[in-house]
Amino acid sequence: MRAFWDLRWFFWQERFKYSFGILLLIIVALLSLLPPYVVGVVVDAIEQNRLTTGMLAGWMGAMIAAGICMYVLRYIWRIMIFGSSLHLGRTLRYNLYQHFTRMSSDFFGRKRTGDLMAHATNDITAVQMMAGQGVLTIVDSLVMGGFVVLAMAVGISWQLTLITLLPMPLMALLTSWYGHLLHQRFGAAQQSFSQLNNRTQESISGVKVTKTFGYEQEDIEAFDAQSRDVVNKNERVARIDALFDPTITLIIGVCYLLAIGFGAGYVNDGSITIGQLTTFSVYLGMLIWPMLAFGWFFNIIERGHASYDRIRDLMAERTDITDQKAGVEDVPAGAVQIDIDEFYYPRSETKALHDIHASVQPGQTIGIVGRTGSGKTTLLRLLLRELKSGDGAITIGGTPAEAYYLDTYRLAFGNVPQEHFLFSMTLADNIAFSNPEATQQDIQRAAGLAAIHDDIVALPYGYATAVGERGVTLSGGQKQRISIARALLQNPEILILDDALSAVDANTEQQILEALKRERRGKTTFIVTHRMSTVKEADAVWVMAHGTIVENGSHRALMEAKGIYAEMVKREELKAQVERGNR
Amino acid sequence: MLHEDKVLTKQEQRAIVKRLLKYAGVHKRLLAFACTFLVIGVGAELLSPYLVKIFIDSYVTPGVFPADELTWLAAIFAAATVLSAVMVYFHTYWFQRIALKSIQQIRVDVFSSVEGASMRFYDQTPSGALVSRITNDTERIRELYMEVLSTFIQNGVFLVGVLIAMFFLDVRLAAAAILIMPLLLMLMMLYRRYSARYYGEMSGKLSRLNTKINESLQGMSVIQLFRQESRMKQEFSGINDAHYEAGLKSMKIDGLLLRPAIDLVSVLALVGVLSYFGILSMEGAVQVGVIYAFVNYFERFFEPVNEIMQQMSLYQQSIVSAGRVFHLMDVTGQESAVVRGRQTGQASESGEIEFDHVTFSYDGEHPVLRDINLSVKEGETIAIVGHTGSGKSSIINLLLRFYEHDAGTIFLGGKDLQRWPEEALRRHVGLVLQDPFLFTGTVRENIAMHNHGLSDEEVRQAAAFVGADQFIEALPDQYDEQVGERGSSFSNGEKQLITFARTVAHDPKVLVLDEATANIDSESEAVIQQALANLVENRTTIMIAHRLSTIRHADQIIVLHQGEIAERGTHRELLASGGLYEKMYRLQHENEEVL
């Protein structure tokens with residue numbers, strides 16, 4: 001019940017629809033008592049030979065009217081109650097999505113996409129079920145069950161009702177016991193199935209090994225054995241599952257026997273009529289559903305409750321990157337000053353960065369090199385405020401980065417991340433991602449600068465070509481250049497290329513670098529790369545190792561220093577020679 | 001290879017159902033029993049209202065209650081109820097059992113078919129899609145069998161039973177009842193038509209919604225950096241609303257045509273029954289019991305209809321899954337037939353290898369190996385080096401017959417490789433991969449694999465031979481230690497030692513090492529090197545190596561460049577010549593000193 005209480009905000013918000021829906025459910029329950037009653041009346045009239053055409057027509061008319069009423073009302077309460085539950089699903093899904101857009105990279109680093117997806121789909125469906133089917137089952141089992149028993153006891157005979165319903169609790173008891181067993185066995189069957197799933201996964205991943213040893217047949221036999229286990233576990237489920245119907249048949253059969261047997265006695269002594277007995281037996285059949293619904297209700301609530309708790313936990317997450325109260329509204333511009341004494345990732349004990357002191361004048365191009373894990377990306381993510389730095393560790397134009405509003409702060413940046421990510425839209429929309437209003441001219445200009453225009457025009461649908469699962473397959477280099485075009489479109493004050501040219505060949509890279517130099521005069525650019533030739537013309541190169549800058553200077557100065565940088569350049573030349581086949 | 005998300009035509013659907021029924025048809029005996037029990041059960045269940053009718057007409061109405069006869073009647077009623085309960089239990093269980101067994105056979109069939117497919121197929125097909133076909137899609141078919149097909153059969157029989165019982169009671173009224181059938185059929189057709197449309201729309205919207213959430217979650221940093229949160233929210237809201245509308249629509253269709261409609265028809269049917277008997281009673285005597293029985297039968301008549309209709313939308317979805325599974329079975333089935341067809345010939349005991357003017361391409365257009373000639377004598381070690389894309393791995397793919405070359409001949413032990421029988425080839429050539437692959441199970445099982453003839457001692461010896469015994473015997477359960485998920489509890493070096501032991505245990509004549517030492521940390525390097533030396537002894541060996549220090553002692557080194565042999569000779573000769581190999585060697589050595 002606490003689950004319903006937790007959702008009270010929603011029930012209150014939809015109180016009219018729910019009240020109306022429940023009212024209709026009650027009316028339907030009342031109306032559904034009519035047909036069996038009419039059956040009794042008509043049977044009695046026939047038996048006593050006092051049925052007239054008028055009487056018959058009257059009752060039949062009433063029944064048809066009731067039938068049509070029920071049809072309409074059943075349709076309307078579905079819209080009221082199930083419609084509201086769909087509404088709840090929509091609201092929760094939107095809130096969750098909105099919440100996701102506010103979360104920082106720290107959040108997405110901690111949660112797995114698959115889990116978040118499960119919350120946004122399965123959990124919301126379970127809560128939706130609770131607000132729809134859950135309400136229906138509890139109302140129907142109480143109202144319908146109550147009315148039918150009342151109609152039997154008050155309308156016909158309370159003694160007979162008592163006698164007849166005697167075995168009913170046994171049905172509730174047995175079915176709930178079956179439910180318990182079923183739950184256990186179903187768990188075992190699920191587990192066996194997931195083992196089969198893992199096995200299959202393993203067989204497919206390890207197929208090369210299996211084929212090398214020629215063990216395909218043996219592997220198939222092992223799969224066969226596991227899939228047999230799935231069958232066995234499921235048969236155990238089926239053995240319980242098959243008990244429900246016979247149990248209901250048996251118990252209802254006993255109820256009927258009692259009703260007809262004792263009922264005949266009451267008919268004989270005149271306390272009820274034969275028609276009432278017929279009505280009684282139809283009512284008896286109407287009790288099956290409320291009994292089952294009651295059991296069902298608890299299942300729905302249990303699942304919905306757990307799901308809603310998970311959703312609430314997720315919604316309670318707060319982002320670590322927030323705006324200060326009185327922020328600076330300007331778009332950042334000017335020199336960048338970095339003074340990071342030390343930086344740890346949240347919940348981490350190892351120092352990711354330390355003792356970084358560097359400044360960048362507007363219009364400079366900075367190359368950043370160093371091994372994987374040396375802290376290059378971390379430094380840039382701090383600059384982008386994807387990670388939270390210490391107070392005043394990074395200033396732009398003399399103002400601490402945190403002082404800017406996040407929204408305007410990011411306006412200054414164009415970022416091309418290491419892992420290129422394109423959306424399943426057209427190429428034009430992907431490039432114009434930062435500004436959907438961009439003209440075709442702007443888009444083509446950006447694409448031209450990123451040296452991707454010719455590639456795009458060569459595609460069957462040109463800029464209208466769709467990307468993604470159902471769209472065209474682009475090479476890694478093409479995706480990188482589209483990401484670059486996307487960042488260039490907004491002509492940012494500060495451009496960051498985080499190893500964004502790794503899959504682009506050397507000639508194209510030169511082309512892009514020249515275009516950047518030409519177009520981005522007076523604007524700041526950071527280029528992270530593993531290729532030394534990329535940063536040759538940079539104003540300064542920062543060589544990073546173990547979380548700090550170990551060398552800082554122009555290409556020429558660093559070459560003369562004969563340090564790590566010079567060594568890296570030498571090695572690259574040798575490598576290039578090998579790749580060319582010693583020519 | 002697995003794009004088949006198209007709409008199925010009626011014929012295709014029929015073909016799929018036929019194939020599904022064929023799988024169930026295998027279990028003839030069980031099926032016959034289940035059907036017999038179903039018929040008996042339905043008969044027994046329908047007997048009880050008839051007994052009540054007799055009771056009412058013969059005893060209650062006249063007001064006579066002879067104890068003997070009534071006891072009999074009650075006994076028969078009880079017996080019929082019990083019989084029906086027992087029958088229901090067994091036929092429900094048996095139908096489920098048939099479904100489970102059929103689905104198991106489908107699973108094994110599709111798995112065998114996939115397992116038999118060529119490496120080319122695996123290289124081209126994402127493994128996630130394959131796993132999902134073999135498990136999830138077949139699970140969908142299970143629903144088709146258990147929920148849909150058995151619902152159709154059981155409720156269909158029940159409907160027929162009710163109709164027969166009605167005819168037994170009153171021919172004219174039963175004939176009238178049949179008139180409801182077209183009405184119900186119309187309702188079904190209508191529902192099928194609209195539900196297919198709206199459920200289709202609904203699932204389309206749902207998949208768009210999920211794609212959007214998934215994509216947004218993955219690209220959230222891009223969205224945030226380009227400050228497009230509000231636009232994305234708006235777009236999402238649009239899709240979310242469309243999904244909601246579609247959900248509302250299919251809910252309305254359900255409300256209009258499903259349960260409420262059937263309930264309305266049942267009330268109308270009741271009106272018909274009562275009117276019929278009412279009018280009849282004005283002309284002559286009517287037995288009240290017959291009315292009771294008819295009302296009772298009608299009550300039971302509509303539940304099966306409800307059930308059948310509710311399964312209809314499920315039917316559409318699962319038939320698509322079934323189509324996908326059968327498609328995969330057919331695609332892979334054809335492939336393996338091609339590969340198996342050609343292997344008739346003799347094996348050889350020798351480990352000699354010769355490539356005679358071998359040319360090969362993956363796509364038939366761009367050759368990755370051009371005119372390769374090389375020969376390895378029995379017991380020799382040959383090393384192949386070259387940078388990424390030079391064609392090193394293709395040589396292995398050909399030697400293991402994972403792919404077939406386009407021109408030239410490969411001889412293994414003096415016999416044409418293409419004519420080697422499959423089993424003999426697999427016993428003859430062993431492969432160690434760059435990423436050691438461990439299966440779930442114990443260490444022992446990973447060494448012996450499916451070779452059950454291997455004794456514990458032989459497994460231990462194999463491990464000792466490569467020096468894996470030390471760390472294995474230090475494990476809590478030694479050889480019975482469970483290998484965690486993909487061997488995650490072991491270091492890469494330890495995993496590789498286990499796969500070495502696995503290879504030794506199978507004692508191949510020819511050994512192929514595909515960058516087997518590439519991912520080894522420097523601590524285990526020494527152990528691995530020693531193991532490798534033991535492994536190579538007395539075997540013809542082909543090594544692909546990235547780390548040149550590991551191939552110094554090879555009898556022959558071949559340097560590949562763009563699919564051709566650029567240099568060949570011993571380590572010393574190649575270093576002295578100052579060519580490509582010498583550059584590569586220098587690169588690696590200086591590599592280790594920098595940083």
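Modeller: In UniProt, an unreviewed entry gives "transmembrane region" for residues 56-77, 135-156, 162-182, 243-268 and 280-301 of chain A. What follows describes a predicted model. In that model, residues 56-77 of chain A are 100% helix and 0% strand, with 31 Å between the end C-alpha atoms. Residues 162-182 of chain A are 90% helix and 0% strand, and their end C-alpha atoms are 31 Å apart. The unreviewed UniProt entry also lists "domain: ABC transmembrane type-1" for residues 20-303 of chain A. Over residues 20-303, chain A is 91% helix and 0% strand, while the end C-alpha atoms of that span lie 26 Å apart.

The part to look at is helix α11 of chain A, which covers residues 216-241. Helix α11 has 26 residues, and its first and last C-alpha atoms are 37 Å apart, close to the 38 Å expected at 1.5 Å a residue.

Which residues of α11(A) are buried? They are A:Asp219, A:Ile220, A:Phe223, A:Gln226, A:Ser227, A:Val230, A:Val231, A:Lys233, A:Asn234, A:Val237 and A:Ala238. An α-helix has 3.6 residues a turn, so residues three or four places apart point the same way. The buried set of α11(A) includes A:Phe223, A:Ser227, A:Val230 and A:Asn234. It also includes A:Asp219, A:Gln226 and A:Lys233.

What do these buried residues pack against? Within chain A they meet α9 (168-205) and α10 (207-213), and from chain B they meet α3 (67-115).

Apart from neighbours within four places in sequence, A:Ile431 is in contact with A:Ile443, A:Ala446, A:Ala447, A:Ile482, A:Ala485, A:Arg486 and A:Leu489.

A:Ile494 lies in strand β7 of chain A, residues 494-498. A:Ile494 counts as buried because it has 20 C-beta neighbours inside 10 Å. Leaving out residues up to four places away in sequence, A:Ile494 touches A:Ala412, A:Phe413 and A:Thr524. Its C-alpha atom is 16 Å from that of A:Ala358, a residue 136 places away along the chain.

Now the partner chain. For chain B, the "transmembrane region" annotation of the unreviewed UniProt entry covers residues 30-52, 72-95, 144-167, 173-191 and 256-279. Residues 72-95 of chain B are 100% helix and 0% strand, with end C-alpha atoms 34 Å apart. Residues 173-191 of chain B are 95% helix and 0% strand, and the end C-alpha atoms of that span are 27 Å apart.

The contact between the chains takes 110 residues from chain A and 117 residues from chain B. On the side of chain A that touches chain B, helix α5 (residues 53-102) gives the largest share, 22 residues. That side of chain A divides into 57 nonpolar, 29 polar and 24 charged residues.

Chain A contains 23 helices and 10 strands, and chain B contains 21 helices and 12 strands. Chain A has a radius of gyration of 37 Å, whereas a compact globule of 583 residues would be near 25 Å. Along the principal axes, the C-alpha atoms of chain A fill a box of roughly 120 × 65 × 50 Å; for chain B the box is roughly 120 × 65 × 50 Å. Of the 583 residues of chain A, 42% count as buried, and of the 595 residues of chain B, 42% do. Among contacts in chain A with a separation of 6 or more, 78% join residues 24 or more positions apart. In chain B, 81% of the contacts between residues at least 6 apart in sequence join residues at least 24 apart.

Definitions and conventions:
Residues are numbered from 1 along each chain as its sequence is written. Chains are lettered from A and ligands numbered from 1 in the order in which they are written. This is a predicted model: local features need pLDDT of at least 70, side-chain atom pairs count only at pLDDT 80 or more; totals for chains, interfaces and linings use all residues. Helices (H or I, at least four residues) and strands (E, at least two) are DSSP runs, numbered from the N terminus. The expected span of a helix is 1.5 Å times one less than its number of residues. A residue is buried if 20 or more other C-beta atoms lie within 10 Å of its own, exposed if 12 or fewer, and partly exposed in between; C-beta atoms are placed from the backbone. Two residues are in contact if their C-beta atoms, placed from the backbone, lie within 7 Å. Ala, Val, Leu, Ile, Met, Phe, Trp, Tyr, Cys and Pro count as nonpolar, Asp, Glu, Lys and Arg as charged, and the others, Gly among them, as polar. UniProt positions are given in the numbering used here, feature names are shortened, and annotations may be inferred rather than shown by experiment. The radius of gyration is taken over C-alpha atoms; the globule rule is 2.2 Å times the number of residues to the power 0.38.
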